[in-house]
Amino acid sequence: MSLKDILVHVDEARACAARLDYAIRLARFHGAHLTGLYTIPPLTVPGYVAVEFPLEALEAQESNLQEQASAARQRFEVATGEAGISAEWRCEQGHYAPLCARNARYADLLILGQNDAEDPRDNPENAPGEVVLRSGRPVLVVPYIGAPKTLCENIMVGWDGRRESIRAVNDALPLLRTAVTVKVVSIQDHSSDDSQAPSDADIVRHLGRHGVDAEALISYSGGVDTGNALLDQVADLNADLLVMGAWGHSRLREWVMGGATRQVLGEMTVPVLMAH
């Protein structure tokens, strides 16, 4: 597998420029085609005022949204043109998560941005966790603080031997093959039964057969939750990408993320590639 078709979500958030730059660098490095996806949220008017809501006001809102989309397209086309990569623009109207999930099914990788609660231009409904759980494709989330200057050179894999972990490792192979260092980290508790620990040697041997020179490490959490333990290891190893499985499920029409997945998405400091 190789990265030949990358999809990046483009929006009005102030972190979008760094996200787009990261996507362009990744597409250029892998010789991939980059598609920019802009989602226009549906206009919503409370039912109790819908009858009295002026048509002109709705038209003004729609016009403003279209102007924002047009400006975003121009920024995307200028940036990709200057980078000299193959690119295209896609704009669709509807809710963020289902649109991103549907479009991701026809790409090798989807790049999204982490939510920034301090940015009024960042739509709080644009939460990447739901897209990860429902898309069936690998999703790389770029933190709102920006991405490292290095591009997937020092990768850390969060490994627990579960289905989600191996899915993430397999989806990340194009990035793992070109990395300088790959550390496969298992988070364990001192009190855990070693016989139940994931087989690090097996996954390292498997990666080796794919041309990935990986090293297995065991980190004892000492009672710290898994999400924070992973983030601590990312900092200690100076990783510029974290690869991990995303745990979660659909319940009563809501997508519920596991604790470690939610923790990492909320407090990440480097890009994270997740798969479910």
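## The cavity

A cavity is a set of grid points where a 1.4 Å probe fits but cannot get out. Rolling a probe the size of a water molecule over the atoms shows where empty space is left. The model described here is predicted. In the whole structure, the search finds one cavity of 30 Å³ or more. The volume of the largest cavity is about 40 Å³.

The lining of the largest cavity is made up of His 9, Asp 11, Arg 19, Tyr 96, Gly 113, Gln 114, Asn 115, Asp 122 and Asn 126. By class, one of these lining residues is nonpolar, five are polar and three are charged.

## The sheet

An open sheet is formed by ten strands, with mixed pairing. Their order across the sheet is β3-β2-β1-β4-β5-β12-β9-β6-β7-β8. The edges are β3 (87-93) and β8 (214-220); each has a single partner strand, so one side of each is left without a neighbour in the sheet. From one strand to the next, the twist averages 25°.

Strand β1 (residues 5-10) and strand β2 (residues 33-40) run parallel and are joined by six bridges. One of the pairs is Leu 7 with its bridge partner Thr 35 in β2.

## Strand β6 and its partners

Four of the five residues of β6 are buried, and the strand is mostly covered. Strand β7 (residues 181-188) runs parallel to β6 and is joined to β6 by five bridges. Here Asn 154 stands opposite Thr 181 in β7.

β6 also pairs with β9 in the parallel sense, over three bridges. In this pairing Val 157 stands opposite Val 243 in β9.

Helix α10 (residues 259-267) lies across β5 (139-142), β9 and β12. The angle between α10 and β9 is about 155°.

## An enclosed helix

How much of helix α4 is buried? Seven of the nine residues of α4 (residues 96-104) are buried, so the helix is largely enclosed by the rest of the structure. The buried residues are Tyr 96, Ala 97, Leu 99, Cys 100, Ala 101, Asn 103 and Ala 104. Tyr 96 also belongs to the lining of the largest cavity.

The elements covering the buried residues of α4 include the strands β1, β2, β3 and β4 (109-113), together with helix α5 (128-135).

Notes: Residues numbered from 1 in each chain as written. Predicted model: local features only at pLDDT ≥ 70, side-chain atom pairs only at ≥ 80, totals over all residues. Heavy atoms only, no water. Pairing = 2+ DSSP bridges. Helix = DSSP H or I, 4+ residues; strand = E, 2+ residues; numbered from the N terminus. Axes fitted to C-alpha atoms, helices over the stretch in contact; angles between N-to-C directions. Contact = heavy atoms within 4.5 Å. Buried < 20%, exposed > 50% of the residue type's maximum accessible area, 1.4 Å probe, protein only. 1 Å grid on protein atoms, 1.4 Å probe; cavity = no way out; pocket = protein on both sides within 12 Å on 5 of 7 lines; lining within 4 Å. Points joined across faces, edges and corners; volume = space filled by probe spheres on them. Nonpolar A, V, L, I, M, F, W, Y, C, P; charged D, E, K, R; others polar.
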